[in-house]
Amino acid sequence: MTTTGTELRTTQLLIGGKWVDAQNGATYVDRNPATGQPLAEVAAASRADVERAVAAARTAFDEGAWPRTPAVKRARTITKMVQLLSERLGDLAALEVADNGKPLWTAKGEMGAMLENFEFYAGAATKLYGQTIPGPSPAYINYTLKEPVGVVGAIVPWNFPLLLASWKVAPALAAGCTMVLKPAPATPLTAIELGKIALEAGLPEGVLNIVTGPGPETGQAIVESPLVDKIAFTGSTATGRWIAAEAAKTIKRVTLELGGKSPSLVFDDADLSKAIPTTLAIAFMNSGQACVAGTRLLAPKSRLDEVKRAIMEAIRAFPAGDPSDPKTAVGPMVTQKQYDRVQSYIRKGIEEGAEVLIGGEGHPEGLAGYFVKPTVFVNVKNDMSIAREEIFGPVLCVIAYDDDEDAIRIAN
């Protein structure tokens, strides 16, 4: 599979163990970020479709076998999924490249981590131990027993689609839960493949349901449903706040993994030949589309000119280009919307007085799609928008500090 293929996929929803169209027949076009060309025609679930998926998960939990299946047998099913995933790692990596735009070497690493995650939880299924607790006398026995929490709603972002899905699906299945998985609208394809593999591995119908479609409608329906017992969400801080408040109305358990604006601190005695390439790798990981990306570089004023020169030298190793090319370090943004967002922050940085050391507005020369120039700002103040808000693109802000205490203050 290549990122420039012309074959247009069509996908459906997985509800109750069957692949079905959206009730109203709605679809949307999923595009290849590296080219902007159509990649797939994807079923667009409505609230009614989400309600069907939740009902299927609820029935599978309340009446089905999976929550009552012995842990050893659950482990065998997950192990079968591991086997099937392992056989298709190359295809899954190529599909992630086409759907997300991430460099191929990154996608391959993620597929390995995804597989290890399923392997871990295949083993964990048989090790969900409770505790024995001392009682008031030998006549009493107190103990705890871990049981599946119920129906899990898993909402996954577009930056690490299958890897982050595995963080939610694997532990839920190991515990005996049933679930509804909602991948991001921009990157649904590897989640669809995961659903096919789960059914092939023998996962009972209704245990894993997959709904694709617009986030505000489908995600909101999952969170608001009184039939869902737990929400596992990775995404923006603003959406996480809403989920926490909404889930409280029905006393749902909630796990949130939200945004970040991480600093990298380079101290006065640092070896810049090692520190700066590492810092750029952290900043531009996954084309800057990562909550853990180190997007602020704090450098001592006494060595600021050295740091700038080291950046100009090291950034040659981070070219933007065709994500299927092993030499590419920075791929495109996942959508036109994300491209526009990053461009707006670059403009805002310039307007607020930061200086572009390298990169800047517009596409890298010779590239179509949603590519952004790897960009480094200097003369950045920590109260600027580009230093305080998550850009989610290949943009690094260099902030000068006076001494170590000043660096820590700025970082925090």
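1. Is Phe 318 buried or exposed? Phe 318 is buried, at a relative accessible area of 15%. Here buried means under 20% relative accessible area, exposed means over 50%, and partly exposed is in between (1.4 Å probe, protein chains only).

2. Before going on, a word on what you're looking at. This is a predicted model, so local features need pLDDT of at least 70 and side-chain atom pairs count only at pLDDT 80 or more, while totals for chains, interfaces and linings use all residues. Residues are numbered from 1 along each chain as its sequence is written, and side-chain values use heavy atoms, with hydrogens and water left out.

3. Now the rings. The structure has 4 aromatic pairs. Rings of Phe, Tyr and Trp (its six-membered ring) pair if their centres lie within 6.5 Å; planes under 30 degrees apart count as stacked, over 60 as edge-to-face and the rest as tilted. One of the pairs is Phe 120 with Tyr 121, edge-to-face at 5.0 Å centre to centre and with 80 degrees between the planes. Phe 120 is exposed, at 54% relative accessibility, while Tyr 121 is partly exposed at 23%.

4. Phe 318 has a ring partner too: its centre is 5.9 Å from that of Phe 284, and the planes are at 70 degrees, so this pair is edge-to-face. Phe 284 sits in helix H9 (residues 272–284) and Phe 318 in the loop between helix H10 (304–314) and helix H11 (336–351), so the pair ties together parts 34 residues apart in sequence. Helices (H or I, at least four residues) and strands (E, at least two) are DSSP runs, numbered from the N terminus. Phe 284 is buried, with a relative accessible area of 2%.

5. How do H9 and H10 pack? Their axes are 9 Å apart, at an angle of about 60 degrees. Axes are lines fitted to C-alpha atoms, for helices over the stretch in contact, and angles run from 0 to 180 degrees between N-to-C directions. The two helices are therefore oblique to each other; angles under 35 degrees count as roughly parallel, over 145 as roughly antiparallel, 65 to 115 as roughly perpendicular and the rest as oblique. On the H9 side, Leu 272, Ile 276, Pro 277 and Leu 280 meet Glu 306, Val 307, Ala 310, Ile 311 and Ala 314 of H10. Contact means heavy atoms within 4.5 Å.

6. Compare helix H2 (residues 71–87) and helix H5 (residues 161–175), which pack at about 155 degrees with axes 9 Å apart. That makes H2 roughly antiparallel to H5. Arg 74, Ile 78 and Met 81 of H2 meet Ala 170, Leu 173, Ala 174 and Ala 175 of H5.

7. Leu 162 is also in H5, and is buried at a relative accessible area of 1%. Which residues does Leu 162 touch, not counting those up to four places away in sequence? They are Leu 92, Glu 96, Met 111, Met 114, Thr 190 and Leu 194. Pro 67 is 95 residues from Leu 162 along the chain, and their C-alpha atoms are separated by 24 Å.

8. Last, take a look at strand S13 (residues 262–265), where Ser 264 lies. Ser 264 is buried, at 12% relative accessibility. Leaving aside neighbours within four places in sequence, Ser 264 is in contact with Thr 279, Gly 294, Arg 296, Leu 297 and Leu 298.
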